[in-house]
Structure formats: C-alpha cells, structure tokens
Amino acid sequence: MLYPMSILNGEGAKTEFTGISFAGKGQNLDNGFKVIHNAKNTSSIVNAKSISKNGGKCTYRSLVRIEENAKNSKSSVSCESLMLDDISISDTIPVNDIRTDDVEFSHEAKIGKISDKTIFYLMSRGLSEEDAKAMIVRGFAYPISKELPVEYAVEMNNLINLELEGAIG
Amino acid sequence: MSDQLLEIKDLHVKAEDKEILKGIYLKINKGEIHVIMGPNGSGKTTTANAILNNPVYHKVRGSIEFDGENITNWKTDEIARRGIFMSFQLPEEIPGVSVTNFLKYAKNKVTGRPVKIFEFKDELKKYMEELNMNPKNMERSLNVGFSGGEKKKNEILQMLVLNPKLAILDETDSGLDVDAIKTVSKGIEMFKNNNNAVLIITHNTKILHSLKVDYVHVLVDGKIVKTGNQNLAKEIEENGYAQYK
C-alpha cells in the first residue's frame, strides 16, 4: 500500500502524481494519492494507471480535498485500469471533498479489458498472442513511461514483458 | 503446381453454432486478383476470418492449403508469417503504440529479420505519399482518432509494408469516397506482381471500376454459386443478387 500525500499550503503551490501498478496472481495492490488544497490558486494533477492479470486486484484510492480558503484552485484526476483476463479485478474509490465553489475540478475514470478482437488484429500482423498482449500493455503504460528517464522506461518495458511471459504457459 | 497459392476445399464454418459457410471451394494462383461478392450475411467476412483462423469461427470440415502447406488449423500469427495479410473492415485501435513502431515490430516478426530503421522510414514515407496520407499520422497512436478513410488507407499501408504473398481485403472499399477508392486501387496496383495475389471481398462493385480483376465469385448463403470474369460484376450491378437466391 502506498499513499503519497501533498498538502498545498502556499499560494500557487502545485503537485503532480503519476503512477502505475501491475498486480499479478495473489496480489492486491492498493494504491492512491491524497492532496489537500489549503491556499489560493493551488493546482494538482493525478494520473494513475493500473494493470491486473491472473486474478490480481488493483485498487485505486484517492482523496482530493479543496478547503474553503483555496479559491481559484484546480485539480484534475484521471485513473485508467486494464484487466488482462476475466478473473482479475480493478476497483476505483475516489473521494472528492470540495468545500468551495470557486474551483475547477475534474475526475475521469476508465476501465477496460483487452479484447479478443484486438488480439486477433495484432496476430494477423504476425505477432504471437504474448507479443500482442505485451504490445497492448506497453501502449497502455506509454503515457507514464514517456515521463520516465529513458533507463527507467526501458526497465519498465522489460518488467512488463517479463510479467506477461509468466501470464501464458 | 507451383503457381498455386491458395486452395480451399469443401470448407464448412460455424460461428456460435450457426453454420455460415456451407462448402466453399476456391483456388487462387500467383499473379491473380479475385473478388468475392455477395449480399449482406452471405459469409464473406467469415471466409476471410476462416482463412486467418480467427478462433471465433469453428471449422467443421474442409481444408485450406497455402503455398504448399496445409494451414487449416495453424494459429493466426503463423499464417500471417507464412504470408497472408488481411485488411480489416473495422481496424482495431491501439493507444500508445505509434504507426511507425507498430509496423516496424510487425515487419520484424513477418520477415524474421531486424528492420533497418532509415531504409524503413524512407519506405514508409514513400508509401504514405502515394496513398495521400498525412505524414504526421506516422507518430500517432495506431488507428486512434483516425477517420474511417484514414483507417482504411492505413490498412493498405500495412499491406504494402508487410508485403504478403496473399492480401485479403475485407470490405476495404466500403464507406469510402470516390477519391479514397482510387487511392486504395492505386495501393493494390502498387502491391500487385506476378508472385503474389489479392482477394477482394466486397458487397458493391465500385472498386471494380478502377481495378482490373481476373475472377469474380458470387457468394450466396455460404456457397460460391457462380464464378466469372469482370462482366459478372457488371451483371450483378444491374440485376442484383436476387437471381442467385
């Protein structure tokens, strides 16, 4: 479990959270983020992604609180989940506690499963089933991996490939 | 016969317990362009999917031979690597994977050789110019936010890059305007040579105005009921499918 937290106390303070989790068999990854907007003109951006396979479970839990004094603040939260099979689980539990009117707040959540049609499409281009799944997952993670320094991005792609090799056979 | 590329014999195919193909026979030689025409629901898309062995469709009986191998029960990716390509009616969207990266990866899988990046980019650029495609699309996610016409052109681009022995074009002409159909025909002409073949699946005859084809097959209710030349397409354009039902 991992819940980093930001408290925006100074006028114009900003925070940004980017995270990705990958839950395999027997894992329940419960991650999220908390932010308290406690001053004027503060802003926060949350971009969370999760992947679950082999019955793994990903839970996203967040709190965004915008206090009464935090006029003209902005917050944008986006969470996306990808499930690789029928037995995996994804939960999204966002709490948005907005105590003033003068704010811009958005929350976006998307949950999806890799479709057989997409896999067939990629296989018709010569990719094996494992290659196809890994490509879809790497594409899903790309908005996160492109933010990473290149060494880490390469490492993350390798981890995805390793995880998916285990998913089949 | 060394000229023979594809032979389908007595193919029966079911989808969700419903028999859709009821004994298809089809022979395609190198250097030929074939067209399968038929009304909606006659089994055209099923034929294409069965050749690629889409697991949604079950082969009950019959065989498919391609380039000297019995591929009836091969996996889709093995069939693709052997040299069959299919252009999809509704191409799938892959967020986060650019057209360039996808094609580079697929070409590597199909040829079994590493792709030389500069040569590859030049090749891609050349084809995109011929197909009137926006070069910016190369770096966009595959098919994501593409218009219907852009998706179809992208399928033709993939065909040119992957250079299969047999290209199956499933309703590639449907939903396209006159200019886009001409572009698609141009792509087919660029692709076509004496060592490969094209199978076009369509329910209208528009694309046949700008392309010379060798054989036209009429598919009705899961069977090929008539085979002829380009004149057969003209006849259907005038009289419809009713006479074959």
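Tutor: B:Asn53 is found in the loop that lies between helix 1 (44-51) and strand 4 (57-66) of chain B. The model is a predicted one.

Student: Why is B:Asn53 called buried?

Tutor: Its relative accessible area is 17%. Buried means under 20%, so B:Asn53 counts as buried.

Student: What does B:Asn53 touch, apart from residues up to four places away in sequence?

Tutor: B:Asn53 touches A:Phe120 of chain A, together with B:Lys59, B:Thr72, B:Asn73, B:Trp74, B:Thr76 and B:Ile79.

Student: How do you know that the side chain of B:Asn53 makes a polar contact with the backbone oxygen of B:Trp74?

Tutor: A polar atom of that side chain lies 2.6 Å from the backbone oxygen of B:Trp74. The cut-off for such a pair is within 3.5 Å.

Student: What makes B:Asn143 a buried residue?

Tutor: B:Asn143 has 0% relative accessibility, and the limit for buried is under 20%; B:Asn143 therefore counts as buried. Its place is in the loop between strand 8 (141-142) and helix 5 of chain B.

Student: Which backbone oxygen lies 2.8 Å from a polar atom of the side chain of B:Asn143?

Tutor: That oxygen belongs to B:Glu92. Beyond four places in sequence, the contacts of B:Asn143 include A:Tyr121, B:Pro91 and B:Lys151.

Student: Why are helix 5 and helix 6 of chain B called roughly parallel?

Tutor: Helix 5 (residues 148-162) and helix 6 (residues 178-191) of chain B pack at an angle of about 5°, with their axes 10 Å apart. Angles under 35 degrees count as roughly parallel, and therefore the description applies to helix 5 and helix 6 of chain B.

Student: Which residues of helix 5 of chain B make the contact?

Tutor: Helix 5 of chain B contributes B:Lys153, B:Ile156, B:Met159 and B:Leu160. By class, the contact of helix 5 with helix 6 of chain B has seven nonpolar, two polar and one charged residues.

Student: How do you know that strand 1 and strand 2 of chain B pair?

Tutor: Pairing requires at least two bridges. Strand 1 (residues 4-15) and strand 2 (residues 18-29) of chain B pair over nine bridges, in the antiparallel sense. B:Ala15 stands opposite B:Lys18 of strand 2.

Notes:
Residues are numbered from 1 along each chain as its sequence is written. Chains are lettered from A and ligands numbered from 1 in the order in which they are written. This is a predicted model: local features need pLDDT of at least 70, side-chain atom pairs count only at pLDDT 80 or more; totals for chains, interfaces and linings use all residues. Side-chain values use heavy atoms; hydrogens and water are left out. Axes are lines fitted to C-alpha atoms, for helices over the stretch in contact, and angles run from 0 to 180 degrees between N-to-C directions. Helices (H or I, at least four residues) and strands (E, at least two) are DSSP runs, numbered from the N terminus. Angles under 35 degrees count as roughly parallel, over 145 as roughly antiparallel, 65 to 115 as roughly perpendicular and the rest as oblique. Contact means heavy atoms within 4.5 Å. Ala, Val, Leu, Ile, Met, Phe, Trp, Tyr, Cys and Pro count as nonpolar, Asp, Glu, Lys and Arg as charged, and the others, Gly among them, as polar. Buried means under 20% relative accessible area, exposed over 50%, partly exposed in between (1.4 Å probe, protein chains only). A polar contact is a pair of N or O atoms within 3.5 Å; within protein, one must be able to donate a hydrogen and the other to accept it, and residues adjacent in sequence count only if both atoms are side-chain atoms.
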